[in-house]
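Please keep the sequence and the coordinates at hand while reading.

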Amino acid sequence: MKEVLRTTDPTVIALAKSLLDGEDIDWFEMDVHMSVLEGSIGILPRRLMVLDSDLFMARAVLRDNQLPVTEDR
């Protein structure tokens with residue numbers, strides 16, 4: 001799996017998941033419990049992961065909707 005999005009904004013995560021669902025792209029949200037452990041003050045980002053084979057399409061969908069996209073490092 002590859003990271004497609006990293007953010008501390010829960011509304012961005014919700015929108016991204018909805019957009020990916022609409023394109024039948026499977027996703028997995030990481031670090032959800034870490035953000036709860038730190039007291040939900042929003043300092044630890046959550047990551048949205050997709051399958052390697054869906055990465056190109058997932059990035060395109062998010063970019064088309066003006067959402068931040070994690071690029072390869």
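The model is a predicted one. The protein contains three helices and three strands, and from the N terminus on these elements follow the order β-α-β-α-β-α. Of its 73 residues, 36% count as buried. With regard to sequence separation, 63% of the contacts with a separation of 6 or more are between residues 24 or more positions apart.

The largest nonpolar core comprises 16 residues, and Val4, Leu5, Val50 and Leu62 have the most contacts inside it. At least two residues of this core are supplied by each of strand E1 (2–7), helix H1 (10–22), strand E3 (46–50) and helix H3 (55–64). The largest share comes from H1, with five residues. Leu5 illustrates how these segments meet: leaving aside residues up to four places away in sequence, its contacts include Val12, Ile13 and Ala16, as well as Arg46, Arg47, Leu48 and Leu62. Pro68 and Thr70 are also touched by Leu5.

Which of its residues are buried? They are Leu55, Ala58, Arg59, Val61 and Leu62. Viewed down the axis of H3, these buried residues fall within an arc of 160 degrees, so they line one face of the helix. The spacing can be read against a general rule: an α-helix has 3.6 residues a turn, so residues three or four places apart point the same way. The buried residues of H3 pack against E1, H1 and E3. On the other side of H3, Phe56 and Asp64 are exposed. Just after the helix, Gln66 adopts a positive phi of about 55 degrees.

The model holds five salt bridges, counted with a cut-off of 4 Å between side-chain nitrogen and carboxyl oxygen. In one of these, the side chains of Glu29 and Lys17 meet at 2.8 Å, N to O. This pair links distant parts of the chain, since Glu29 belongs to strand E2 (residues 27–30) and Lys17 to helix H1, 12 residues apart. Are these two residues buried or exposed? Both Glu29 and Lys17 are buried. Lys17 and Glu29 also take part, together with Arg46, in a network of salt bridges.

A further salt bridge joins Asp31 and Arg47, whose closest N and O atoms are 2.6 Å apart. Asp31 lies in the loop between E2 and helix H2 (32–37), whereas Arg47 is in strand E3; the pair therefore ties together parts that are 16 residues apart in sequence. Asp31 has a relative accessible area of 26% and is thus partly exposed. Arg47, for its part, is one of the residues that Leu5 touches.

Glu71 and Arg63 form another salt bridge, with 2.6 Å between the closest N and O atoms. Glu71 counts as partly exposed, because its relative accessibility is 41%, and Arg63 likewise counts as partly exposed at 41%.

Methods: Residues numbered from 1 in each chain as written. Predicted model: local features only at pLDDT ≥ 70, side-chain atom pairs only at ≥ 80, totals over all residues. Heavy atoms only, no water. Core = buried A, V, L, I, M, F, W, Y, C linked by side-chain atoms within 4.5 Å. Buried < 20%, exposed > 50% of the residue type's maximum accessible area, 1.4 Å probe, protein only. Helix = DSSP H or I, 4+ residues; strand = E, 2+ residues; numbered from the N terminus. Contact = heavy atoms within 4.5 Å. Arc of directions from axis to C-beta.
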